[in-house]
Amino acid sequence: MKDRDLRILTLRKLTVEYSGIEDTKIINEMGLFNGASRIDIAVVNGVLHGYELKSESDTLKRLPRQIDYYNKIFERMTIVTDRKYLSEVREMVPSWWGIIITKKNRAELRTIRKGRKGNCQDEEALLNLLWKDEYHGLIDLLDYPKSMKKMRKTEIFEILLMEKRKSIIKKYIYDALRKRNYS
């Protein structure tokens, strides 16, 4: 089973699971940390849920670094993998991550461990998901002076990190991710 096959199975499962649920966006290949990493599939609604795919043609060599990145961004994480990696994956991923494997017939997926909400989301990493023009909308939402829009992204970033209204910022980031045109 190749990555493409695992992706199709996972997207099919997610499409069924989230069909009819408003304000949910399923994103393929979402870039993180200014391109230093990417998540195979992200689901954005009231929660940011990442899905990392490891097919039988993959290796688990990059997984420890990916775990570090994903734990900083996602409230929930699920690894979808070939059954041959199950024991290694169980040892590697945090206990709050969900684990889904391919069934023997390789045409279906089976949940081994239902994930739960983690608590390692990093405000700085989350804020870094925004594009510069998206910061402008956040400046307006928080009623900062319009002149702030002329500042460099790094300067805006530092000011927003000090902001106390964290829940408003988080909701704005999730909304911005849902509104983007991914192609």
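Helix α5 passes helix α7 in a right-handed crossing, where right-handed means that the near helix is turned clockwise from the far one by less than a right angle, and left-handed anticlockwise. Helices (H or I, at least four residues) and strands (E, at least two) are DSSP runs, numbered from the N terminus. This is a predicted model, in which local features need pLDDT of at least 70 and side-chain atom pairs count only at pLDDT 80 or more, whereas totals for chains, interfaces and linings use all residues. Residues are numbered from 1 along each chain as its sequence is written, and side-chain values use heavy atoms, with hydrogens and water left out.

Select residues 132-141 for α5 and 166-179 for α7; their axes come within 11 Å and cross at roughly 140 degrees. Axes are lines fitted to C-alpha atoms, for helices over the stretch in contact, and angles run from 0 to 180 degrees between N-to-C directions. Next display Glu134, Gly137, Leu138 and Leu141 of α5, which meet Ile168, Ile169, Tyr172 and Ala176 of α7 (contact: heavy atoms within 4.5 Å). By class, this contact has six nonpolar residues, one polar and one charged (nonpolar: Ala, Val, Leu, Ile, Met, Phe, Trp, Tyr, Cys and Pro; charged: Asp, Glu, Lys and Arg; polar: the others, Gly among them).

Proceed to the largest pocket, with about 240 Å³ of space. A pocket is an open set of points on a 1 Å grid over the protein atoms alone, where a 1.4 Å probe fits, with protein on both sides within 12 Å along at least five of seven lines; lining residues have an atom within 4 Å of a point. Its volume is the space filled by probe spheres set on the points, which are joined across faces, edges and corners. Of the 16 lining residues, select Glu17, His49, Tyr51, Arg76 and Lys114, the closest to the centre. The lining comprises five nonpolar, five polar and six charged residues.

The second largest pocket has a volume of about 180 Å³. Among its 14 lining residues, Gly31, Leu32, Leu129, Trp131 and Arg180 lie nearest the centre. Strand β1 (residues 25-32) gives the largest share of this lining, four residues.

Now select Thr102 in strand β5. Thr102 is buried, with a relative accessible area of 0% (buried: under 20%; exposed: over 50%; partly exposed: in between; 1.4 Å probe, protein chains only). Beyond its neighbours within four places in sequence, Thr102 is in contact with Met1, Leu6, Thr81, Asp82, Arg83, Glu108 and Leu109.

Finish at Glu158 in helix α6 (residues 153-162), which is partly exposed at 47% relative accessible area.
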